[in-house]
Amino acid sequence: MEFKTDILSVFDRQWALLTAGNEEKFNTMTVSWGGLGTIWNKPAATVYVRTSRYTHEFLDQNEYFTLSFYPEEYRKILGVLGSKSGREMDKMKDSGLTPVKTGESVSFEEAQVTLLCRKLFTQRLELSNIPGQIVKDMYSTDAPHDMYIGEIVEILRRD
């Protein structure tokens with residue numbers, strides 16, 4: 001497996017869609033916090049999802065998730081998918097993206113690259129372990145994040 005990217009900006013500047021669930025029922029959301037690396041001798045992706053997010057439920061209920069990356073022309077769509085809840089709108093109808101079964105999860109035909117991940121680890125970020133100013137800035141009005149680490153089991157590229 002090989003995935004070449006600017007590792008420090010792939011989430012922060014490019015963004016990604018995090019999708020969990022199956023063909024019948026899934027949710028997707030834009031993520032800009034995450035990382036790629038290795039843990040336990042496995043290639044891994046790490047993402048952070050607030051406990052209040054609808055996708056959080058799908059991550060907890062499923063063993064697999066995908067991270068998918070898109071060309072710049074999809075940035076506006078990713079912005080909408082990151083700001084609206086799947087509880088309140090039909091994200092697929094409004095996004096124009098085409099869902100596609102990807103292993104035990106779902107991705108989208110329009111993705112340039114999709115990482116299929118098997119969940120290895122989940123843990124709530126303990127606010128007492130985070131510097132006070134960050135807690136004040138990030139968590140005074142919103143739910144905490146859970147960290148999900150997934151083994152990258154397949155990398156799919158659109159040719």
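**Fold, pocket and an aromatic pair in a predicted model**

The structure is a predicted model, in which local features need pLDDT of at least 70 and side-chain atom pairs count only at pLDDT 80 or more, while totals for chains, interfaces and linings use all residues. Residues are numbered from 1 along each chain as its sequence is written, and side-chain values use heavy atoms, with hydrogens and water left out.

Four helices and nine strands make up the secondary structure of the protein chain; helices (H or I, at least four residues) and strands (E, at least two) are DSSP runs numbered from the N terminus. Their order along the sequence is β-β-β-β-α-β-α-α-β-β-β-α-β. Of the 159 residues, 45% count as buried, that is, under 20% relative accessible area, with exposed meaning over 50% and partly exposed in between (1.4 Å probe, protein chains only). The accessible surface amounts to about 8800 Å² (Shrake-Rupley method, 1.4 Å probe), and carbon and sulfur atoms hold 46% of that area.

Attention now turns to the largest pocket, which holds about 240 Å³ of space. A pocket here is an open set of points on a 1 Å grid over the protein atoms alone, where a 1.4 Å probe fits, with protein on both sides within 12 Å along at least five of seven lines; lining residues have an atom within 4 Å of a point. Twelve residues line the largest pocket, and M29, T30, S32, R53 and H145 lie nearest its centre. Strands β2 (26-31) and β4 (42-50) each supply at least two lining residues, with β2 giving the largest share, three residues. By class, the lining comprises five nonpolar, four polar and three charged residues.

Four aromatic pairs are found in the whole structure, pairing being defined by ring centres within 6.5 Å. One of them joins W40 and F121, whose ring centres are 6.3 Å apart with planes at 65°, so this pair is edge-to-face (over 60 degrees). Because W40 lies in the loop between β3 (34-39) and β4, and F121 in strand β8 (residues 113-124), the pair ties together parts 81 residues apart in sequence. W40 is exposed, at 51% relative accessible area, whereas F121 is partly exposed, at 27%.

Conventions: Points joined across faces, edges and corners; volume = space filled by probe spheres on them. Nonpolar A, V, L, I, M, F, W, Y, C, P; charged D, E, K, R; others polar. Phe/Tyr/Trp six-rings, centres within 6.5 Å; stacked < 30°, edge-to-face > 60°.
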